[in-house]
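Subject: Structure handover

Hello,

Here is the structure I said I would pass on. My notes on what turned up in it follow below.

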Amino acid sequence: MVKVVTWNVNSINTRLDRVKAFLARESPDYLCLQELKCADEKFPLEAIEGTGYHAAFFGQKAYNGVAVISKEPVEILFRNFGDQHPDEASRVITVRTKHKFDLICVYVPNGQSIGSEKFLYKMDWLKRAKEFLNQHWTLSDRLIIVGDFNIAPDDRDVYDPLAWKEHIHCSTGERAALQDLTSFGLIDTLRMHDQSAGVFSWWDYRELSFARNKGLRIDLIYATPPAASLCRSVKIDRDERRGEKPSDHVPVIATFEI
DNA sequence: ATGGTCGTTGGACGA
């Protein structure tokens, strides 16, 4: 069984002890991280390798940054979309695994508010992501794409859909863009196992959101049909939000019978 | 309704 995890850690260095504890506790095969918030030279590579894991990472100073931490070494296929686009934000790392599937770790732009300049950037970025997928894979490939999508796929993924109606992360335009991206042939693996509302992966640090379960499900694990058919479980590690200095996101853990 | 909390920074900005 192969265990694949996505977790927006909101600073790898601030969260290092939690990451190490998670590796020891869950023993994931692939731990995909977002919002490293550090330049590559400040990535805690020795600490990760000290646990017996390998790390492929693509960071930048202060913001963004993605990584794949793995038991077996991986081959980096692409950073961002592998093109020469003058986008300095480090948001995607794609790796080829020894388990014969490709794995994409994404940190989709937040978008700030509907219609803002950052929102337009988010929408354009999602369009480029679709082109990236179509350029390199087909739905018959074994492909897993995970990350912080900054979009709640539908109203079940929102604690108060009326309050969030047409707000950032939930708007019709963003959901259509996500639908367009996943129409490539990607399956939301959590929904293969659980149709319930109120299953969240992120809660605002403010307003006692976690205690009130005022959250969103924006951290997602998608798979093409050949990979999704091997998915046996998906769970959200809510306990990771407890204790001192948690991230505002918790890990989403999927197992595949590979 | 408003503001509130983090992390990276070294005053705001991003989320």
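One definition is needed at the start: Ala, Val, Leu, Ile, Met, Phe, Trp, Tyr, Cys and Pro count as nonpolar, Asp, Glu, Lys and Arg as charged, and the others, Gly among them, as polar. Please also keep in mind that this is a predicted model.

The cavity

The count comes to one cavity of 30 Å³ or more. The largest cavity holds about 70 Å³ of space. Which residues line the largest cavity? They are F81, V92, I104, V106, V108, W125, A129, F132, L133, I145, F149 and L181. Sorted by the definition above, this lining has 12 nonpolar residues, no polar ones and no charged ones. Two elements, strand 7 (102-107) and helix 3, each supply at least two residues of the lining. The most comes from helix 3, which gives four residues.

Aromatic pairs

How many aromatic pairs does a search of the whole structure find? The search gives 11. In one of these, the ring centres of W7 and F22 are 5.4 Å apart and the planes stand at 50 degrees, so the pair counts as tilted. The pair links distant parts of the chain, with W7 in strand 1 (residues 2-8) and F22 in helix 1, 15 residues apart. W7 is buried because its relative accessible area is 0%, under the 20% limit for that class. F22 is buried too, with a relative accessible area of 0%.

Another pair is formed by F81 and W125, whose ring centres are 5.1 Å apart with planes at 50 degrees, so this pair is also tilted. F81 sits in the loop between strand 5 (75-79) and strand 6 (92-96), while W125 belongs to helix 3, so the pair ties together parts that are 44 residues apart in sequence. F81 counts as buried at 6% relative accessibility, and W125 counts as buried at 2%.

K122

Helix 3 (residues 117-136) also contains K122. Is K122 buried or exposed? K122 counts as buried because its relative accessibility is 0%. Its side chain reaches the backbone oxygen of N150 at 2.7 Å. Leaving aside neighbours within four places in sequence, K122 is in contact with V108, P109, N110, G111, F149, N150, I151, I168, H169 and E174.

Two positive phi values

S27 has a positive phi of about 50 degrees, although S27 is not a glycine. Where is S27? S27 is in the loop between helix 1 (16-26) and strand 2 (30-34). At 33% relative accessibility, S27 counts as partly exposed.

K245 is a residue other than glycine with a positive phi, near 50 degrees. The place of K245 is the loop between strand 13 (231-236) and strand 14 (252-256). K245 counts as exposed because its relative accessibility is 56%, and the cut-off for exposed is over 50%.

Regards

Definitions and conventions. Residues are numbered from 1 along each chain as its sequence is written. Chains are lettered from A and ligands numbered from 1 in the order in which they are written. This is a predicted model: local features need pLDDT of at least 70, side-chain atom pairs count only at pLDDT 80 or more; totals for chains, interfaces and linings use all residues. Side-chain values use heavy atoms; hydrogens and water are left out. Buried means under 20% relative accessible area, exposed over 50%, partly exposed in between (1.4 Å probe, protein chains only). A polar contact is a pair of N or O atoms within 3.5 Å; within protein, one must be able to donate a hydrogen and the other to accept it, and residues adjacent in sequence count only if both atoms are side-chain atoms. Contact means heavy atoms within 4.5 Å. On a 1 Å grid over the protein atoms alone, a cavity is a set of points where a 1.4 Å probe fits but cannot get out, and a pocket is an open set with protein on both sides within 12 Å along at least five of seven lines; lining residues have an atom within 4 Å of a point. Grid points are joined across faces, edges and corners, and a volume is the space filled by probe spheres set on the points. Rings of Phe, Tyr and Trp (its six-membered ring) pair if their centres lie within 6.5 Å; planes under 30 degrees apart count as stacked, over 60 as edge-to-face and the rest as tilted.
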